[in-house]
Amino acid sequence: MHFIKRLSGLAAVTISALSLASAAAAADYDWTFQTSETAGEPGFENKQKWADEVGLLSGGRIEIEILPIGAVVPHTDTLEAVGAGILQGHLTDPSYFSGKDPAFAMMGNLVGAWSDPFEFLGFMESGGGNELYAELVAPYGVQFIGAAATEPEAFVSRVPIRTVEDLKGVKLRAPEGMVYEIFSKAGAAPVSLPGSEIFSALDKGVVDAADNTVFATNQSLGMNDIAHYPLYPGFHSLPMIDISINKGVWDSLPEDLQEILTVSVKQFSFNHIYSVRQLDAAAVEKAKENPEIEIINWSGDERAKFRRIAQQEWQNWAPKTEMTQRYYDAVTAYLEGRNLL
């Protein structure tokens, strides 16, 4: 029950009462959720912990098996798989679905927008983000439960990149879509590679740098040992984690279990952020033990320059669909209202 103790105020009271009430129920829900991480990554392990907490809070009425990336379907296909009931849910980055609708690229990872995950979560909760994303996935037969986030992603590099100007001509790995275009506009030479090929590409000099995951994961994978100029804290990428479930499954649940899932996702988001924050801090200290590694932290001015380049690309994407325009309008209003733009 340690999870319940961590919840505050009314949420804690509500969850405690619902858990006790549901413990004696006969219903049994056995689900499979696929993630976007490989087994053993911190994000994957944290998602397994979330599934365990849901089982505890539901009094054993819900059991969720968490599967790694590609276990049932490719990572780009989980949206349809959840809607079709092949999977009951997923915990993933919506950017993978940008080929289905450009709004997924903007909502999944608005590059250059967020320097802290709680800024992003604030927008989702009070700036209209949750409502827009729920509307976006609804036609796929998917119920959006809630958003989570991680720390800003670090950047691995074989060459020192101290300014936006230093990006010019740098061969860097970036995923296709908005991220790719923004780095191209910044003067870099983006290369599209799957995550599984990044280490080898860096090691062989196929790319000079890579947009990859958080610092702790990069460090554990040995990225910083072959690319000695990591950029940290990250200046560009803070992807959303979409926690969604099949709409039919959701609608069949009693209200107490819907409430348990909703609140558990909010708590998962906090737990995940602070877990990664701790891991990043420890990994930075570990990296500093290697005298060849120089951790580069961009100045506020350079971050602002990159953000202005990114904002131009946001504007290019906004007219693509009605939803991209609505999202652009909502997020820029939120950022402007908090002097974050």
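Q: Which residues in helix 8 meet helix 14, and which residues in helix 14 do they meet?
A: In helix 8 they are M178, E181, I182, F183 and K185, and they meet F306, I309, A310, E313, W314, N316 and W317 in helix 14. Contact means heavy atoms within 4.5 Å. By class, this contact has 8 nonpolar, 1 polar and 3 charged residues (Ala, Val, Leu, Ile, Met, Phe, Trp, Tyr, Cys and Pro are nonpolar, Asp, Glu, Lys and Arg charged, and the others, Gly among them, polar).

Q: What kind of model is this?
A: This is a predicted model, in which local features need pLDDT of at least 70 and side-chain atom pairs count only at pLDDT 80 or more, while totals for chains, interfaces and linings use all residues. Residues are numbered from 1 along each chain as its sequence is written, and side-chain values use heavy atoms, with hydrogens and water left out.

Q: At what angle do helix 8 and helix 14 pack?
A: Helix 8 (residues 178-185) and helix 14 (residues 300-317) pack at about 130°, and their axes are 9 Å apart. Axes are lines fitted to C-alpha atoms, for helices over the stretch in contact, with angles from 0 to 180 degrees between N-to-C directions. The two helices are therefore oblique to each other (under 35 degrees is roughly parallel, over 145 roughly antiparallel, 65 to 115 roughly perpendicular, the rest oblique).

Q: Where does A138 lie?
A: A138 is in the loop between helix 7 (129-137) and strand 4 (142-149). The C-alpha atoms of A138 and N246 are separated by 9.8 Å, although the two residues are 108 residues apart along the chain.

Q: How exposed is A138?
A: A138 is partly exposed, its relative accessible area being 44% (buried is under 20%, exposed over 50%, partly exposed in between, with a 1.4 Å probe and protein chains only).

Q: And helix 7, at what angle does it cross helix 15?
A: The axes of helix 7 and helix 15 (residues 322-337) cross at roughly 170° and come within 10 Å. These helices are therefore roughly antiparallel to each other. Helix 7 contributes L132, E135 and L136 to the contact, and helix 15 contributes M323, R326, Y327 and A330. The residues of this contact divide into 5 nonpolar, no polar and 2 charged.

Q: Changing topic, how many helices and strands does the protein have?
A: The protein has 15 helices and 9 strands (DSSP runs numbered from the N terminus: H or I of at least four residues for helices, E of at least two for strands).

Q: What share of the residues is buried?
A: Of the 341 residues, 54% count as buried. The C-alpha atoms fill a box of roughly 60 × 45 × 35 Å along the principal axes.
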